[in-house]
Amino acid sequence: MSSLIELKGISKSFGPVQALKDVSLNLKPGEILALVGENGAGKSTLMKVLSGVYPHKEFKGTIQVSGQSAQFASPKDSEAAGISLIHQELSTFPDLTVAENMVVGHWPAKKGWLKQKEIFEKAQHWLKQLDADFSPQQKMSSLSVGQQQVVEIAKALSRNSKVLVLDEPTSSLTNRESQKLFAILKDLKSKGCGLIYISHRMEEIFALADRVCVLRDGQSVASSEISKITEAQLIQQMVGRSLENMFPEKQSAVKNETVLEVKDFVAHQKSTNLKLGPLSFHLKKGEILGFGGLLGAGRSEILQALAGDSLYQSSGAIKYQGQMPSWKHLRSSYQQGWGLVPEDRKHQSLLPSRSLTENCGVLRLSQKSLFSWVKEKAEAERTEKDLKALKTRFHSEAQKITDLSGGNQQKVIFTRVLQNAPEVLILDEPTRGVDVGAKFEIYQMMQAWVAQGKSILLVSSDLPELMAMSDRILVMSHGKLQKELNRSEFHEEVIMKWALGQGSK
């Protein structure tokens, strides 16, 4: 059987940094190929070569599509060859309809007039093929992330794509949406499509993939049928070392001293009038307090409100380090020893056009007087030192943060928060989109922080992570606290029952 796609000897450099070195990969019809590796291993770079983001003159090696040599000068050429890349961060047009989003860049028109009927009927046809539960006439902004992903797949199929590349497709999906996506992918596979599936979630790879290709430090290090490899072997191939345990051994650092007391805290989101709470809890020095629940349970929102986010109007009693704080925006809480690593790294944290030095120092420097002098050399040296302490992969503190992989971008955000010397850290989905090796390093950092006496409020949808790292877990559902669990009570089934509001049954 001839391959749909064959990449041979792909090499790509960015100045002195070799991102890919002699990488080869092939994809057959009716196959799901998992592409795995640590953040910075070269997965995204390789897919940008395949999708024409990097034109054929900017890399070494060859691309064959259905046995024929191909040279892509742009993403349009790749798309014309039947290849579609569905990014982790979806780029949609929220104010356009679903149907309009599907034809952006390929508008059917006659004498300058759009063929509205044709646009609607084409969208309806392809959405029906995927058993979509929404209308082509709905605005994109009204859809969930999972539904928007279905639109992206339908758009790819409408353009006769035979190869779909999916980059971390379930990172923002509910479990139900993920299961529906898996059914769609298996159906596409049965119809002869080839799928390249990029994910850090081992359970998904072993449930979906036929084969797996491993990249490490920009090179192909292994390729295997998924049935002939174990999860432990795959992780070792990815990180180049054995990780006998996914989590560092839990060492209690909890002190008797209470750092934070929250009583009857209620938050109203000003734009939607969404009400969250009441929420009551306490946090001890050196403790990791986990927040469990389904997506949409209100965990992220109520903690942002607690930290003083001006998008929320709040009430209730907060006692922090024996005092009653009165912060009305995030900057106030940062000044008093709080730190927040938000869930949405792209929209809430990154300064995409700025250097690593600027991204790292912005929070700490914002606490200074407007008339303070900034010593550029000292800032660059501190950035280099702090990023290296977190084992961040970068080649210059002057490079843009968007040049880094997702996991390394996350370490830059951690560095920013830690430079402000917080005592209470809110970590909201801190390992989302991060590879297994980097996850382990983040867990080790968390253990080190609480050993120093810092306290952590941890939001995680990864139940093994939540249970392994937390000293206690508060389970939320529909904006309200349902149950507090001690370590002896931790169990996935128990947490899910309370998250679904069925724990008392």
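The legends below describe close-up views of a predicted model. Residues are numbered from 1 along each chain as its sequence is written, and side-chain values use heavy atoms, with hydrogens and water left out.

**View 1. The open antiparallel sheet S2-S1-S4-S5.** The sheet has 4 strands in this order, with antiparallel pairing. Helices (H or I, at least four residues) and strands (E, at least two) are DSSP runs numbered from the N terminus, and two strands pair if DSSP finds at least two bridges between them. Strand S2 (17–27) and strand S5 (68–70) are the edges; each has a single partner strand, so one side of each lacks a neighbour in the sheet. Direction ignored, neighbouring strands are turned by 30° against each other on average. Axes are lines fitted to C-alpha atoms, for helices over the stretch in contact, and angles run from 0 to 180 degrees between N-to-C directions. Strand S4 (residues 60–65) is joined to S5 by 3 bridges, and Ile63 stands opposite Ala70 in S5. Helix H1 (residues 43–50) lies across strand S1 (5–14), S2 and S4, at about 115° to S1.

**View 2. The open mixed sheet S6-S9-S10-S3-S11-S12.** This sheet has 6 strands in the order given, and its pairing is mixed. Its edge strands, S6 (83–86) and S12 (219–225), each pair on one side only. S3 and S10 pair in the parallel sense over 5 bridges, and Leu35 has Ile198 in S10 as its bridge partner. Helix H5 lies across S6 and S9 and runs at about 160° to S9.

**View 3. Helix H6 and its buried side.** H6 (residues 175–190) has 16 residues and reaches 23 Å from its first C-alpha to its last, close to the 22 Å expected at 1.5 Å a residue; the expected span is 1.5 Å times one less than the number of residues. Ser178, Leu181, Phe182, Ile184, Leu185 and Leu188 are buried in H6. They cover an arc of only 165° around the axis, which puts them on the same side of H6. The arc is that of the directions from the helix axis to the C-beta atoms. Buried means under 20% relative accessible area and exposed over 50%, with partly exposed in between (1.4 Å probe, protein chains only). The cover over the buried residues of H6 includes strand S3 (31–36), helix H5 (145–158), strand S9 (163–167), strand S10 (194–198) and helix H7 (202–208). Contact means heavy atoms within 4.5 Å. The face of H6 turned away from its buried side carries the exposed residues Asn175, Arg176 and Ser190. Gly192, which follows H6, has a positive phi near 100°.

View 4. H13 (residues 376–389) has 14 residues, and its first and last C-alpha atoms are 20 Å apart, close to the 20 Å expected at 1.5 Å a residue. Its buried residues are Glu379, Ala380, Thr383, Asp386 and Leu387. Seen down the axis of H13, these fall within an arc of 140°, so they line one face of the helix. Helices H12 and H14 are among the elements that cover them. Lys377, Lys385, Lys388 and Ala389 are exposed on the other side of H13. Lys391 follows H13 and has a positive phi near 60°.

**View 5. The largest nonpolar core.** This core has 38 residues, and those with the most contacts inside it are Phe414, Leu427, Met446, Trp449, Ile456 and Leu458. A nonpolar core is a set of buried Ala, Val, Leu, Ile, Met, Phe, Trp, Tyr and Cys residues joined through side-chain atoms within 4.5 Å. Elements that each supply at least two residues of this core include helix H14 (406–419), strand S18 (424–428) and helix H15 (436–451). H15 gives the largest share, 7 residues. Leaving aside neighbours within four places in sequence, Phe414 is in contact with Val341, Leu390, Leu427, Pro430, Ile442, Met445 and Trp449. A second, separate core of 32 residues includes Met102, Ile153, Ala156 and Leu166.

View 6. Strand S13 (residues 258–269) is joined to strand S14 (residues 275–284) by 7 bridges, with His268 opposite Lys275 in S14. The hairpin of S13 and S14 has 5 residues between the strands, and Asn273 takes a positive phi near 65° there. S13 also pairs with strand S16 (residues 312–320) over 8 bridges, and Leu260 stands opposite Tyr320 in S16.

Terms used. Predicted model: local features only at pLDDT ≥ 70, side-chain atom pairs only at ≥ 80, totals over all residues.
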